Amino acid sequence: MGVKDRDLDRLVQEEIMLLLMSADLVEDIQIYPEIDSTNREAKAQVEAGATHGTVILAERQIAGKGRQGRSFFSPRGTGLYMSFVLDSKQLGFHNPVAITAYAAVCVCETIEKICHVYPVIKWVNDVFLNSRKICGILTEVITVSENEDTNKMILGIGINVSVKQEDFPKELRDIATSIYPEGTSLVTRNQLAAEIINRVLCADKPDEAKLFLQYKARLFMLNTEIIVVQGKEKYKAISLDVNEYGQLIVRTLEGEIKTLVFGEVQIL
């Protein structure tokens, strides 16, 4: 039986806590009925002293943040919008690309386990289902002090859970979808949130070499013709591989091998 009534699928701190492997995983869980951006709120809380394991969730974002300054469509009650405050030393990953990759793998494994569908990843930070985007991930680094050997990270995850396909803005309908595009979710967002928290904050994490093997296994766009976008530069290439640092290796149409440290790709 699906969850049709949004009021029956409210995010509730107590319900999420009951589904955690251990209450000690989290420092704090905060849920907002409406917020400009969970990442922005997490960043403000870091400046006010928030520590590793603080999790911010919202029913709706009015200024959701994506990469490259883009907005993230965040309607009320049909998506999961969450941000983590992370300490790089406690997390075990110092490379922001590794954190993004780890989050993508966690999201895929969560959806596969709970929703029984198999999402895939587009380098570097998007999760796809049925050839359309269902999730975006944004990792931001905050330097707490030049004298400290650790950084705070803000990890933002936005998932379209039960947004009806016709409810997406026209410009997104052909490129975005949700786990349940007909609008009836078979699971609660509390279940999804708790499982993602369990995975992101668990102590037993893979090393980076194993992580990028897991990440690569989910990539659906290797050996594919793509357009690489790096700032104002744009060119066609063939995606070949992901190295041990999570960087995408491509071959341009002129035969040059390039390693992409940053940028984004569009699939042709």
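Predicted model: local features only at pLDDT ≥ 70, side-chain atom pairs only at ≥ 80, totals over all residues.
Residues are numbered from 1 along each chain as its sequence is written, and side-chain values rest on heavy atoms, with hydrogens and water left out.

Helices (H or I, at least four residues) and strands (E, at least two) were taken as DSSP runs and numbered from the N terminus. Strand β2 (residues 54-58) is joined to β3 by 5 bridges and runs antiparallel to it (two strands pair if DSSP finds at least two bridges between them). Within this pairing, Ala 58 has Tyr 81 of β3 as its bridge partner. An antiparallel pairing over 9 bridges also connects β3 with β7, in which Met 82 stands opposite Ile 157 of β7.

A further set of strands forms an open sheet of 5 members in the order β11-β10-β9-β8-β12, with antiparallel pairing. Strands β11 (257-260) and β12 (264-267) stand at the edges with a single partner strand each, so one side of each lacks a neighbour in the sheet. The twist from one strand to the next averages 45 degrees (axes are lines fitted to C-alpha atoms, for helices over the stretch in contact, and angles run from 0 to 180 degrees between N-to-C directions). Strand β8 (residues 225-230) and β12 are antiparallel and joined by 4 bridges, and Ile 226 is placed opposite Ile 267 in β12.

Helix α5 comprises 12 residues (189-200) and reaches 16 Å from its first C-alpha to its last, close to the expected 16 Å at 1.5 Å a residue (the expected span being 1.5 Å times one less than the number of residues). Because 10 of the 12 residues of α5 are buried, the helix is largely enclosed by the rest of the structure. Among these buried residues are Arg 189, Asn 190, Glu 195 and Asn 198. Ser 162, in the loop between β7 (152-160) and α5, is buried with a relative accessible area of 8%. Beyond its neighbours within four places in sequence, Ser 162 is in contact with Gly 77, Thr 78, Ser 178, Tyr 180, Gly 183 and Ser 185 (contact means heavy atoms within 4.5 Å).

Val 127 is located in strand β5 (residues 126-129) and is buried at 0% relative accessibility. Residues touched by Val 127, other than those up to four places away in sequence, include Ala 104, Val 107, Cys 108, Ile 134 and Cys 135. Val 127 and Val 163 are 36 residues apart in sequence, with a C-alpha to C-alpha separation of 16 Å.

The structure holds 4 aromatic pairs (rings of Phe, Tyr and Trp, the last by its six-membered ring, pair if their centres lie within 6.5 Å; planes under 30 degrees apart are stacked, over 60 edge-to-face and the rest tilted). The rings of Phe 93 and Tyr 102 have centres 5.2 Å apart and planes at 55 degrees, so the pair is tilted. Phe 93 is buried at 2% relative accessibility, and Tyr 102 is buried at 7%. The rings of Phe 128 and Phe 220 likewise form a tilted pair, with centres 5.2 Å apart and planes at 40 degrees. This pair links distant parts of the chain, with Phe 128 in strand β5 and Phe 220 in the loop between α6 (208-218) and β8, 92 residues apart. Phe 128 is buried at 10% relative accessibility, whereas Phe 220 is partly exposed at 31%.

Backbone geometry includes a cis peptide bond between Trp 123 and Val 124, with omega about 10 degrees. Val 124 belongs to the loop between β4 (120-122) and β5. His 116, a residue other than glycine, has a positive phi near 60 degrees and is exposed at 66% relative accessibility.

How values were computed
Buried < 20%, exposed > 50% of the residue type's maximum accessible area, 1.4 Å probe, protein only.
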